[in-house]
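Morning, everyone. I have one protein to walk you through today. Please look at the screen.

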Amino acid sequence: MDFSPQVFTQALAKGLTLGLLVQPLGATATELVQMSVQTNQLTIFKHNLGLHFPANWRLAYSEQHGDMFSAEFVPAQELLAHWSSLYCVQGFKGMAGRINPEAFLDGFAEQYRHTCEGEMQYQKLGESELGGKASYSAMLTCDKMPQTHRGEPGTEQPMGEIGHYTVIAGEEDLFLLHQSARGEALLSLSSLNIVPPIERVADMSGLR
């Protein structure tokens, strides 16, 4: 397999390993549908991806750096240096021919393990086909994740973090969609209802 783990190290250093959206506790399906939503269109290496969010979310960061792309969304009142919920889209140019989605997540999880300062869990959810493309999903949790982002100061106390990750293989590029939530007592996970990241995709026909 011709793949360098430096890709994961670089992604972690640039704050690209983060990401999840939490549904309001007790909200019914009808109430969620009735929430005001906004649609965001991302262009990733000339691919188009449509996403929808509650209206009180915003695009907080977007960058293409060499062969990596990242865009991050947070609630409007939150900062990248201190967030409770985050959604991230990443693109890795030319990676689809070098590594499959499951192996990519395996390497990603290993780097996540090195960043986590406490107990880390990696739960594989399995492969699926999304829009005719191979994909693989997993959950990652850490009970003591440093609260920093791209070197920006955050709180000194590490937070619990849970994330749902899906890797999609295009014809040439890999795409990683992930949602994450953080909190002081996150590892009583039964209190959280995490939405899989693919459920925020409004249109993925432009991912090729």
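**A walk from fold to core**

The protein chain has 3 helices and 10 strands. Keep in mind that this is a predicted model. What order do the elements come in, from the N terminus on? They run α-α-β-β-β-β-β-α-β-β-β-β-β.

Now the whole chain. It has 208 residues, and buried ones make up 50% of them. Next, contacts. Take those with a separation of 6 or more: 61% of them join residues 24 or more positions apart.

Let's zoom in on helix H3. H3 covers residues 101-115, 15 residues in total. From first C-alpha to last, H3 reaches 21 Å, close to the 21 Å expected. Look at its start. There, a side-chain oxygen of Asn100 comes to within 3.2 Å of the backbone nitrogen of Glu102. Which residues of H3 are buried? They are Pro101, Phe104, Leu105, Gly107, Phe108, Ala109, Gln111 and Tyr112.

Hold on to Phe104. In the largest nonpolar core, of 22 residues, Phe104, Leu174 and Leu176 have the most contacts. Who supplies this core? H3, strand S7 (133-145), strand S8 (159-169) and strand S9 (174-183) each give at least two residues.

Beyond its neighbours within four places in sequence, Leu176 touches Phe104, Leu105 and Phe108, among others. Its contacts also include Cys88, Val89, Phe92, Tyr165 and Val167.

Definitions and conventions
Residues numbered from 1 in each chain as written. Predicted model: local features only at pLDDT ≥ 70, side-chain atom pairs only at ≥ 80, totals over all residues. Heavy atoms only, no water. Helix = DSSP H or I, 4+ residues; strand = E, 2+ residues; numbered from the N terminus. Expected span 1.5 Å × (residues − 1). Buried < 20%, exposed > 50% of the residue type's maximum accessible area, 1.4 Å probe, protein only. Polar contact = N/O pair within 3.5 Å; in protein donor to acceptor, adjacent residues only side chain to side chain. Contact = heavy atoms within 4.5 Å. Core = buried A, V, L, I, M, F, W, Y, C linked by side-chain atoms within 4.5 Å.
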